[in-house]
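I opened my notebook to record what I looked up in this model. I took one topic at a time.

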Amino acid sequence: MRLRAARLEDWLRDYYFTAEIDISSSGVHSYSMAELRAMTGLDHAEIDGLVFDDGYSLGTPAVRGHIARRWGDGDPSRVMTTSGSSEAITLVLTALLRPGDEVVVVEPGYHTLVAFAAGLGCATRTWRLDRARGWRPSLDELADLVSERTKAIIVNFPQNPTGASITEAELRRLVAIARSAGPAGSADEAAGASGAYLLWDAAFADLAYDAPPLPDISTLYERGIGFGTFSKAFGLPGLRFGWCLAPPAVLAECVRIRDYTTLHVSPLIELLALNVLRNADAFLEPRMKQARANRDLVREWADAHPDLVSLATPLGGVSAFPRLHGLADTHAFCDDLFTRRGVLVIPGSCFGAPEHIRLGFGGPAGPLAEGLDRLTAALTGWRRCPPGPAADGDPAGDGEGDTR
């Protein structure tokens with residue numbers, strides 16, 4: 001396997017921990033341990049009673065049961081818990097795909113969903129979202145992309161980084177397209193199914209604004225595999241807890257691979273996860289309320305500065321993907337924005353769309369508003385006097401020194 005560099009992680013590795021204002025994240029404002037304990041009623045006695053034995057290969061039965069009932073069809077045998085959804089995604093892709101398999105990926109998109117299959121030696125075909133359509137996917141284009149060689153289609157709606165999504169009717173058409181793909185007569189006898197696998201990263205499923213959350217793909221399609229995580233809507237990225245919902249035969253293959261790597265999720269993580277799952281709405285609802293208000297703030301900001309940015313309003317998630325006018329590549333601007341103004345955003349080149357930035361709006365409103373103000377000032381200065389002949393100590397040439 002040869003994986004290309006994950007540009008997003010390379011960028012965040014350098015900047016994430018020292019940013020004064022972070023408006024780059026694709027997740028909501030993180031909860032603390034004190035908040036988790038208060039919201040779940042978890043006391044020290046329950047934690048102290050935990051024994052650090054090895055865990056279950058597929059996850060603790062009680063945890064799997066909660067996931068199956070909330071997002072799946074109620075069958076815990078179709079659930080595997082993992083260290084974040086990234087482990088689930090990479091286990092499933094490794095289990096299913098072989099060199100030469102044809103795989104459809106979405107761009108712009110998150111690197112694990114776009115590049116991992118190529119690292120396995122697969123031939124990837126790109127379902128490219130169009131900025132001119134507000135990033136809304138064209139299912140006609142997908143239908144033209146799939147073929148009798150298509151082994152898998154990898155998507156995530158609501159989408160990272162654009163916030164684009166689809167309707168439930170479009171979801172069902174997407175399922176029909178997947179079912180029609182693949183070689184004729186290629187039915188999996190164990191699963192009694194044919195067609196391409198449809199792998200769905202549902203990290204933002206609970207962050208839908210204008211329509212109810214989409215049902216998990218595993219409940220609609222026999223070859224549908226859904227992935228979930230606490231890292232986005234739940235505000236618990238550091239817990240590193242995720243899951244997948246998949247046919248038991250696929251999970252069995254994942255376990256064979258996991259036996260060589262992580263073995264299982266820590267019992268401490270699953271104890272915390274179980275308590276969160278029992279009180280899921282308490283974690284989701286306040287962050288969703290905050291995200292909805294912040295989305296309005298970002299929309300108002302973009303509307304107030306049409307000369308500087310253009311923005312398709314996100315339908316889900318907490319990241320927007322505005323285009324910065326006049327910049328063919330935002331990388332140098334984002335570096336300057338961080339260095340001189342202390343504001344962290346993600347250059348669009350990390351997602352293959354260099355004229356854009358990923359702007360996260362899941363955090364508190366105050367830092368978001370201040371970050372947008374600094375971003376506006378930086379864009380105005382950059383347009384007035386782009387870097388190049390700038391004086392020493394004033395790399396943007398806007399007459400202002402380092403304001404960090």
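Predicted model: local features only at pLDDT ≥ 70, side-chain atom pairs only at ≥ 80, totals over all residues.

What volume does the largest cavity have? I found about 30 Å³.

**Entry: the cavity**

I searched the whole structure for cavities of 30 Å³ or more and got 1. Then I listed the residues that line the largest cavity. They are Val106, Gly109, Tyr110, Leu113, Val114, Ile154, Val155, Asn156 and Gln159. Two or more lining residues come from each of H6 and E5.

**Entry: helix H6**

Next I went to helix H6, which spans residues 111-119. Is H6 mostly covered or mostly open? It is mostly covered, with 8 of its 9 residues buried. I wrote down the buried ones: His111, Thr112, Leu113, Val114, Ala115, Phe116, Ala117 and Gly119. Leu113 and Val114 were already in my notes, as part of the cavity lining.

What covers the buried residues of H6? I noted two helices among the covering elements, H1 (7-15) and H5 (84-96). The strands E3 (102-107), E4 (123-128), E5 (150-155) and E6 (197-201) are included too. After H6 comes Gly121, and I read a positive phi there, near 90°.

**Entry: strand E5 and its partners**

Like H6, E5 is mostly covered. Of its 6 residues, 5 are buried. On one pairing, 3 bridges join E5 to E3, and the two strands run parallel. Here I found Val103 opposite Ala152 of E5. On another pairing, 4 bridges join E5 to E6, again in parallel. There Val155 stands opposite Trp200 of E6.

**Entry: the pocket**

How many residues line the largest pocket? I recorded 42. Nearest its centre lie Tyr16, Ser25, Ser26, Lys232 and Pro237. The elements giving two or more residues to this lining are H1, strand E1 (21-22), H5, H6, strand E14 (357-360) and helix H13 (365-384). I sorted the lining of the largest pocket into 16 nonpolar, 18 polar and 8 charged residues.

**Entry: a sheet of three strands**

E14 sent me to a sheet. It is an open sheet of 3 strands, in the order E10-E14-E13, with antiparallel pairing. Which strands stand at the edges? They are E10 (319-320) and E13 (346-347). Each has a single partner strand, so one side of each is left without a neighbour in the sheet. I checked E10 against E14 and found 2 bridges, with the strands antiparallel. Ser319 stands opposite Gly360 of E14.

**Entry: cysteines**

Last, I looked for disulfides. A disulfide is a covalent bond between the sulfur atoms of two cysteines. How many did the count give? It came to 0. I used a cut-off of 2.5 Å between the sulfur atoms. For Cys244, the nearest cysteine sulfur belongs to Cys254 and is 5.5 Å away. Cys244 has 0% relative accessibility, so it counts as buried. For Cys350, the nearest cysteine sulfur is that of Cys334, 8.2 Å away. Cys350 is buried as well, with a relative accessible area of 14%.

Note on methods:
Residues numbered from 1 in each chain as written. Heavy atoms only, no water. Buried < 20%, exposed > 50% of the residue type's maximum accessible area, 1.4 Å probe, protein only. Contact = heavy atoms within 4.5 Å. 1 Å grid on protein atoms, 1.4 Å probe; cavity = no way out; pocket = protein on both sides within 12 Å on 5 of 7 lines; lining within 4 Å. Nonpolar A, V, L, I, M, F, W, Y, C, P; charged D, E, K, R; others polar. Pairing = 2+ DSSP bridges. Points joined across faces, edges and corners; volume = space filled by probe spheres on them.
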